[in-house]
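Hi there,

Here is the structure I promised to pass on. Have a look at it first, and then read on for what turned up.

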Amino acid sequence: MIRLVLVHQAFRYELAPSAEQHAALANHAGAARWAWNWGLAVRRKAWQRRRQTLDAVELHRLLNRLKRTPLLAWLYEVSKCAPQEALRDLDRAYANYWRGQKNGQRVGVLRFKKRGRCPERFRLTGAIRVEHGGVVLPRIGRVATKEATDKFRGRILSATSRREADRWYVAVNVEVERRDPAPVDGPVIGVDRGVAVFAVCSDATNIDGPRALSRSLRRLQQRSRAVSRKQPGSTNRRKSALALARLHRRIRNQRLDALHKATTALAKTKSVIVVEDLHIAGMVRNRHLARAISDQGWAEFHRQLAYKCQWHGSRLLVAPRFYPSSKACSSCGLVKAELPLNVRTFRCEACGLVLDRDQNAARNLAALAASGSITNGVVGSSLETENACGGESAGPAVTGRVELASAKQERANQRLANA
């Protein structure tokens, strides 16, 4: 019998709001930003004065009482979900902060969000519908979309609206049923991520990165200088800032498009994919390589590859962080003591192997999977649900694991059997 799995994913559409809806979207984003700042200030005062920790429920109850005052009557003009979800985000941010402090990680303190300096976004729940050519949001109404919504399916959980430059987008988070994928009939490969070449595979194929930032860097510098030369608060400065934001959006879209194409091709054609557990936050502290590493999008590549392997039936394995994939010889296994970054060719003194440095590392990663030394991976048919929306990671290769009740899974399988 065919088995179903529940998957959390998002359908993202660009909105085409009217002038009135554009103002309503901005008001909701402002209400969410104000709720975050208000909640952060209240929590700080409660902790400093009484050593009391207020969670999202207590803050929302206090906010409901304050909404009856004339000063906060404007909150009735927006959906109650926008400030409520902002307080929930604040609660999760505090939980992540204390978890990082407990684990000894470098975690910055929570900050207030300033208008114009933070992304304009908000999340809504409740009566959300996706219709033909539009999305219905609470208190905002039906907003037309620029893309077709015919392929939309699933049970709606929430909708997150975000402004990028002069455009509004909505990401509808849904829970959909997918058939449990069959294992991919393909080779086992190791993927070594690099700077000159985005990824080198053990089967002698290279994946070129988009290099979106480096290609648009000169234009980005010109527009940044144009903004700084305008008088603050002037119309010309707002126009220049909008042109700069549009260029940033274009660079981000180019990078994401290339990463989605590369990860989808790997997940659909390779049975086992082995990557390294890179400490990217530490690597970008190198001022000589920080820009190039950030331009490649290594972390986003790993995140997309993790959930797509679950969707398509392939398996993702993560090599240990300190595994010497570049220093070890892929032929005889000799491990060098030192191998500087400027040495791009691996030469083995024992067996005489001469090979590209990244290709040698990719072969070592593939051999690591064949030896069975690592078992921390993602099997496409092993998890009950998967999350493609960037949820909390449950491990180095698992993104957003959500446990599913057995009764719910049985009902899903029964519906498929009766179909």
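Two rings of Phe, Tyr or Trp (its six-membered ring) count as a pair if their centres lie within 6.5 Å. With that in mind, W34, W38 and W74 form one aromatic cluster. Please remember throughout that this is a predicted model.

Across the whole structure, the search finds seven aromatic pairs. One of the pairs is F122 with W168, which is tilted, with 6.3 Å from centre to centre and 55 degrees between the planes. This pair links distant parts of the chain: F122 belongs to strand β2 (residues 121-124) and W168 to strand β7 (residues 167-179), 46 residues apart. Both F122 and W168 are buried.

Rings also meet charges here. R43 lies over the face of Y94, 4.0 Å from the ring centre. Over the ring of W36 sits the charged end of K113, at 4.3 Å from the ring's centre.

Now to the second largest pocket, which has a volume of about 1100 Å³. It is lined by 26 residues, and the closest to its centre are G116, R117, C118, E120 and A245. The elements that give two or more residues to this lining are α1 (19-50), β6 (155-164) and α6 (235-269). Which of them provides the largest share? That is α6, with nine residues.

Best wishes

Methods: Residues are numbered from 1 along each chain as its sequence is written. This is a predicted model: local features need pLDDT of at least 70, side-chain atom pairs count only at pLDDT 80 or more; totals for chains, interfaces and linings use all residues. Side-chain values use heavy atoms; hydrogens and water are left out. On a 1 Å grid over the protein atoms alone, a cavity is a set of points where a 1.4 Å probe fits but cannot get out, and a pocket is an open set with protein on both sides within 12 Å along at least five of seven lines; lining residues have an atom within 4 Å of a point. Grid points are joined across faces, edges and corners, and a volume is the space filled by probe spheres set on the points. Helices (H or I, at least four residues) and strands (E, at least two) are DSSP runs, numbered from the N terminus. Rings of Phe, Tyr and Trp (its six-membered ring) pair if their centres lie within 6.5 Å; planes under 30 degrees apart count as stacked, over 60 as edge-to-face and the rest as tilted. Buried means under 20% relative accessible area, exposed over 50%, partly exposed in between (1.4 Å probe, protein chains only). A charge sits over a ring if NZ of Lys or CZ of Arg is within 6 Å of the ring centre and within 35 degrees of the ring normal.
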